[in-house]
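I opened my notebook to look up a few things in one protein model. Each entry starts from something I wanted to find.

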Amino acid sequence: MTSIIINGKTCAAQAGETVLAVARREGIDIPALCYDETLAPYGACRLCLVEVVKGEKKETVTSCTLQAVEGLEVVTETPEINKLRRVLLELYLAQAPRAESIRKLAEKYGVGTTRFAKRVVRGDPLQNRCVLCGICVRVCRDVIGVGAINYIGRGQFTEINTPFYEENEVCLGCGACAEVCPTQAISLEDTAETRVMKSWSETRVPLKQCNVCGRYYAPEAFTSYAYEKLDPELKASLKDVCPDCRRKGMTRQAIRLSMGEPVTG
Ligand code: FES
């Protein structure tokens, strides 16, 4: 363990931890769009800037990439940092004018409007909410291990989608991309037997049916993929049953056990 100072408060840090991770654990608010604790630091959104204090010297760095080393002292809000954040938020307001979370963050920093031209695309699969933080691309590639989506185009025409905007059969339909998106830009929809990844070129993924209640409950490809990673005993105990039926089954077993009755599958 080491200790660092954030806004004058001494905080314990574990080896290899970043300043942003320590701050979050300590309940110190630092805005961040491209950070997720399951992913390697990326440093794309720049909102998590902090000021490192070294005697008379000061340096502005991204806290999501800054290692917490013994004696490090940082300040998370200064007039200069807030000024930089306000400019960044203006850029994000222009890039993603329909993103409610960006609007709220901007308001918090006193930014009500943007001086930059708003990018509004009719029929945008990402609902004019994408800030290109890339967290969806990284979670799909680095955590799920699939890589169904990526950046497309360059400069002001950069977007995130499936290759050639075509339905992508490698997509498992897990929805991790939507889960981590900080601006709720990604949409998916479960129809009767299929999950439609609306943002990803309407990629369609069949859903798996529960052996007990018959309900379609999870993408077929994703459950097969996840089951492969489980130990065989646990895999066998899941028996293609939806979480609801599994929970009910466990409750029934617990009741039988408490009544001294034998437990049967
Ligand atoms: S969270 Fe640090 S740069 Fe985005």
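**Entry: a loop residue**

Between which two strands does the loop with Ser201 lie? I found Ser201 in the loop between strand 9 (194-197) and strand 10 (203-209). I noted at once that the model is predicted.

Next I looked up the backbone angle. Phi of Ser201 is near 55°, which is a positive value in a residue other than glycine. I wrote the background beside it: most residues other than glycine have a negative phi.

Then I checked the cover. Ser201 has a relative accessible area of 18%. Buried means under 20%, so Ser201 counts as buried.

Gln184 is not a glycine, yet its phi is positive, about 50°. I located Gln184 in the loop between helix 5 (176-180) and strand 8 (189-190). Its relative accessible area is 46%, so Gln184 is partly exposed.

**Entry: the whole protein**

I stepped back and looked up the overall numbers. The protein has eight helices and 11 strands. Its C-alpha atoms fill a box of roughly 70 × 50 × 30 Å, taken along the principal axes. I also noted the chain's 265 residues, of which 43% are buried.

**Entry: the core**

Which residues have the most contacts inside the largest nonpolar core? I listed Leu33, Cys45, Leu47, Leu89, Tyr92, Ile102 and Val131. This core has 24 residues. I then looked up the elements that give two or more residues to the core: helix 2 (79-95), helix 3 (100-108), helix 4 (135-143) and helix 5. Helix 2 gives the largest share, four residues.

I looked at Val137 separately. Val137 lies in helix 4. Its relative accessibility is 2%, so Val137 counts as buried. I then looked up the spacing between Val137 and Cys45. They are 92 residues apart along the chain, and 14 Å separates their C-alpha atoms.

**Entry: surface patches**

Which residues make the nonpolar surface patch of about 220 Å²? I wrote down Val87, Leu91 and Phe116. I placed Val87 in helix 2. I recalled that helix 2 also gives residues to the core. Val87 has a relative accessible area of 33%, so I marked Val87 as partly exposed.

Glu167, Glu169, Glu189 and Glu202 form a negative surface patch. I found Glu167 in the loop between strand 7 (159-161) and helix 5. Glu167 is at 49% relative accessibility, so it counts as partly exposed. The cut-off for exposed is over 50%.

**Entry: salt bridges**

How many salt bridges does the structure hold? I noted 14.

Is Glu17 buried or exposed? Glu17 is buried, with a relative accessible area of 12%. Arg25 counts as partly exposed, at 43% relative accessibility.

My next note is on Lys208 and Glu220. Their side chains meet in a salt bridge, 3.3 Å from N to O. Lys208 lies in strand 10 and Glu220 in helix 6 (residues 220-228), so this pair ties together parts that are 12 residues apart in sequence. I checked both partners. Lys208 is buried, with a relative accessible area of 11%. Glu220 is partly exposed, with a relative accessible area of 33%.

Asp244 is partly exposed, with a relative accessible area of 34%. Arg247 also counts as partly exposed, at 47% relative accessibility.

Definitions and conventions: Residues are numbered from 1 along each chain as its sequence is written. This is a predicted model: local features need pLDDT of at least 70, side-chain atom pairs count only at pLDDT 80 or more; totals for chains, interfaces and linings use all residues. Side-chain values use heavy atoms; hydrogens and water are left out. Patches are made of residues with over 30% relative accessible area and no salt bridge: like charges are joined within 9 Å, nonpolar side chains (Val, Leu, Ile, Met, Phe, Trp, Tyr) within 5 Å. Accessible areas come from the Shrake-Rupley method with a 1.4 Å probe; for residues, only the protein chains shown count as cover. A salt bridge is a side-chain nitrogen of Lys or Arg within 4 Å of a carboxyl oxygen of Asp or Glu. Lys and Arg count as positive and Asp and Glu as negative; His and the chain ends are not counted. The place of a charge is taken as NZ of Lys, CZ of Arg, CG of Asp or CD of Glu. Buried means under 20% relative accessible area, exposed over 50%, partly exposed in between (1.4 Å probe, protein chains only). A nonpolar core is a set of buried Ala, Val, Leu, Ile, Met, Phe, Trp, Tyr and Cys residues joined through side-chain atoms within 4.5 Å.
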